[in-house]
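Biologist: I would like to learn how to read a model of this kind step by step. Could you show me the structure, and then take my questions in turn?

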Amino acid sequence: MPGPIDAFIYGDRGIYRPGETVHVSAIIRDETNKAITGFPANISLVRPDGETFVTSRAEEAGGGLVTASFDLPRNASTGVWRVELHADPELPALGTVSVSVEDFVPERLALELEPEREAGSPGETIRVFGNGRFLFGAPAARLEIEAELI
């Protein structure tokens with residue numbers, strides 16, 4: 001059960017790559033669910049080994065909402081990192097959320113292929129029409145592709 005102060009922390013996503021920026025927000029309420037403004041919130045990013053990586057003063061956005069952003073180093077260790085909100089660093093956190101730091105390459109292209117007909121003979125050429133969408137990275141249009149089906 002929350003105490004006299006309840007903090008709900010959430011991030012813009014749950015997984016990050018080393019070198020990316022972690023953006024978090026926290027909603028701070030009292031025991032009657034009323035927004036607390038002017039709250040002296042500090043938000044810390046804690047490494048997987050339990051050591052605090054960085055602590056910063058949260059920026060107040062109004063209505064009991066505070067935000068903070070942390071730049072992960074390019075050599076950040078992979079694993080589960082923790083974001084903690086504190087009013088006093090000597091007391092337990094008022095709220096926490098976990099984020100995962102992993103070496104991954106996100107899907108970058110969604111590709112739908114449609115052949116001009118269902119089947120062909122060995123050595124025969126069949127036209128295949130494609131529709132691609134970039135999901136991550138810079139946009140592009142009218143790119144040509146060449147493929148061979150074996």
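Biologist: Of the 150 residues of the protein, what percentage count as buried?

Modeller: Please keep in mind throughout that this is a predicted model. A residue counts as buried when its relative accessible area is under 20%, and in this protein 25% of the 150 residues count as buried. The accessible surface of the protein comes to about 10,600 Å², and carbon and sulfur atoms hold 51% of that surface.

Biologist: How many helices and how many strands does the protein have?

Modeller: The protein has 0 helices and 11 strands, and read along the sequence the pattern is accordingly β-β-β-β-β-β-β-β-β-β-β. The radius of gyration is 24 Å, well over the 15 Å that the globule rule gives for 150 residues, so the protein is more spread out than a compact globule. Taken along the principal axes, the box filled by the C-alpha atoms is roughly 75 × 35 × 30 Å.

Biologist: Of the contacts with a separation of 6 or more, what percentage is accounted for by residues 24 or more positions apart?

Modeller: Such residues account for 52% of those contacts in the protein.

Biologist: Which residues is Pro-48 in contact with, leaving aside its neighbours within four places in sequence?

Modeller: With those neighbours left aside, Pro-48 is in contact with Ser-77, Thr-78, Gly-79, Val-80 and Trp-81. Pro-48 counts as partly exposed, because its relative accessibility is 36%.

Biologist: Let us turn to charge. How many positive and how many negative side chains does the protein have?

Modeller: There are 13 positive and 24 negative side chains, and the centres of the two sets lie 4 Å apart. As a general idea, side chains of opposite charge can pair when their charged atoms come close. In this model, a search of the whole structure finds 6 salt bridges.

Biologist: Which side chain does Asp-49 meet in a salt bridge?

Modeller: Asp-49 meets the side chain of Arg-47, at 2.9 Å from N to O. The two partners can be read separately for accessibility: Asp-49 counts as exposed because its relative accessibility is 53%, whereas Arg-47, at 28%, counts as partly exposed.

Biologist: Is Glu-20 buried or exposed?

Modeller: Glu-20 counts as buried, because its relative accessibility is 16%. The side chain of Glu-20 meets that of Arg-17 in a salt bridge, with 3.2 Å from N to O.

Biologist: What does the salt bridge of Glu-116 look like, and which salt bridges share partners?

Modeller: The side chains of Glu-116 and Arg-117 meet at 3.5 Å, N to O. Glu-116 is partly exposed, with a relative accessible area of 40%, and Arg-117 is also partly exposed, with 33%. Elsewhere, salt bridges that share partners join Arg-13, Arg-17 and Glu-20 into one network.

Biologist: To finish with the backbone, what is the phi of Asn-33?

Modeller: Asn-33 has a positive phi of about 70°, although this residue is not a glycine. Asn-33 lies in the loop between strand S3 (21-30) and S4, and it counts as exposed because its relative accessible area is 58%.

Note on methods. Residues are numbered from 1 along each chain as its sequence is written. This is a predicted model: local features need pLDDT of at least 70, side-chain atom pairs count only at pLDDT 80 or more; totals for chains, interfaces and linings use all residues. Side-chain values use heavy atoms; hydrogens and water are left out. Helices (H or I, at least four residues) and strands (E, at least two) are DSSP runs, numbered from the N terminus. The radius of gyration is taken over C-alpha atoms; the globule rule is 2.2 Å times the number of residues to the power 0.38. Buried means under 20% relative accessible area, exposed over 50%, partly exposed in between (1.4 Å probe, protein chains only). Contact means heavy atoms within 4.5 Å. Accessible areas come from the Shrake-Rupley method with a 1.4 Å probe; for residues, only the protein chains shown count as cover. Lys and Arg count as positive and Asp and Glu as negative; His and the chain ends are not counted. The place of a charge is taken as NZ of Lys, CZ of Arg, CG of Asp or CD of Glu. A salt bridge is a side-chain nitrogen of Lys or Arg within 4 Å of a carboxyl oxygen of Asp or Glu.
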